[in-house]
Amino acid sequence: MSDSTPDRSAAPVLEIWCDLQCPDCRTALDDLRALRARYGDRLELRLRHFPLEKNKHAFAAAQAAEEAWEQGRGWPYAEALLGRVEELARAGEPFLVELARELGLDAEEFDTALVDGRHILIVDADQAEGKAIGVTGTPTYVIGGERLDGGKSQEGLRERIEEIADRLLAGQEH
């Protein structure tokens with residue numbers, strides 16, 4: 001018997017549309033850590049870039065995060081950056097390179113990546129896709145085809161994400 005259903009072992013994906021200079025996204029970190037602790041590998045968390053124009057270093061921060069992913073430390077870098085949004089706002093791009101150095105990443109490569117713009121297309125593509133699906137602020141979550149806007153309020157969002165994730169995971173067991 002051939003089974004043409006999609007691969008049921010693939011973890012559901014939670015996309016987090018994020019501006020890495022956004023204080024609301026920093027607030028969302030606690031929820032993301034709790035979700036990671038609860039689901040582990042059963043839920044894939046995927047950071048998507050949505051730098052807002054009002055945050056003048058957000059676009060560079062998104063590029064820096066892509067470089068961190070390339071160097072194998074994307075989440076630690078993104079979390080460290082979100083934890084220090086005020087420093088980014090004050091110091092700008094030099095802070096992005098300094099943070100890479102603090103985390104033991106190749107800071108010179110970060111500097112080069114920000115100058116040569118090698119990650120701009122990824123950030124632009126994320127932003128365009130976000131706009132196309134109706135993302136207007138950050139953080140915004142997409143899971144199971146549902147968009148949840150955390151830019152207005154984080155209240156009750158983690159519970160809603162857990163409900164959807166639990167439903168998706170239960171659906172895999174059939």
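**Note on the predicted model: core, helices, salt bridges and cysteines**

1. E109 is partly exposed, with a relative accessible area of 29%. Here buried stands for under 20% relative accessible area, exposed for over 50%, and partly exposed for values in between, with a 1.4 Å probe and protein chains only. The model is predicted: local features need pLDDT of at least 70 and side-chain atom pairs count only at pLDDT 80 or more, whereas totals for chains, interfaces and linings use all residues. Residues are numbered from 1 along each chain as its sequence is written, and side-chain values use heavy atoms, with hydrogens and water left out.

2. The partner of E109 is R118: their side chains form a salt bridge, N to O 2.6 Å. A salt bridge is taken as a side-chain nitrogen of Lys or Arg within 4 Å of a carboxyl oxygen of Asp or Glu. R118 is partly exposed as well, its relative accessible area being 32%. In general, side chains of opposite charge can pair when their charged atoms come close.

3. Helix α6 covers residues 107-116, and its buried residues are A107, F110, A113 and L114. Viewed along the axis of α6, these buried residues fall within an arc of 115°, so they line one face of the helix. The arc is that of the directions from the helix axis to the C-beta atoms. Helices (H or I, at least four residues) and strands (E, at least two) are DSSP runs, numbered from the N terminus. On the face of α6 turned away from the buried side are the exposed residues E108 and V115.

4. At the start of α6, a side-chain oxygen of D106 comes to within 3.2 Å of the backbone nitrogen of E108. Just after the helix, G117 adopts a positive phi of about 70°.

5. The largest nonpolar core comprises 44 residues, and those with the most contacts inside it are L14, L20, Y77, L81, L96 and Y141. Such a core is a set of buried Ala, Val, Leu, Ile, Met, Phe, Trp, Tyr and Cys residues joined through side-chain atoms within 4.5 Å. Another core, of five residues, lies apart from it and includes F50, L52, V135 and V142.

6. Which residues does Y77 touch, not counting those up to four places away in sequence? They are A64, A65, A68, L96, L99, A100, L103, L105 and F110. Y77 is also one of the buried residues of α3, the others being G74, W75, A78, E79, A80, L81 and L82. Helix α3 (residues 74-82) has eight of its nine residues buried, so it is largely enclosed by the rest of the structure.

7. E79 lies in α3 and R36 in helix α1 (residues 23-39), so the pair ties together parts that are 43 residues apart in sequence. R36 counts as partly exposed, at 31% relative accessibility.

8. The structure holds 22 salt bridges. R158 and E162 are joined by one of them, N to O 3.6 Å. Both residues lie in helix α8 (residues 157-172), four residues apart, which is about one turn of the helix. R158 is partly exposed at 27% relative accessibility, whereas E162 is buried at 14%. A network of salt bridges links D31, R38, R158, E162 and D166.

9. How many disulfides does a search of the whole structure find? The search finds zero, a disulfide being a pair of cysteine sulfur atoms within 2.5 Å. The sulfur of C18 is 3.5 Å from the closest cysteine sulfur, in C25, which is too far for a bond. Each of the two cysteines is buried: C18 has a relative accessibility of 4%, and C25 a relative accessible area of 2%.

10. N55 is located in the loop between β2 (44-49) and α2. Is N55 buried or exposed? With a relative accessible area of 12%, N55 is buried. Apart from its neighbours within four places in sequence, it is in contact with D19, Q21 and C22.

Methods
Contact means heavy atoms within 4.5 Å. A polar contact is a pair of N or O atoms within 3.5 Å; within protein, one must be able to donate a hydrogen and the other to accept it, and residues adjacent in sequence count only if both atoms are side-chain atoms.
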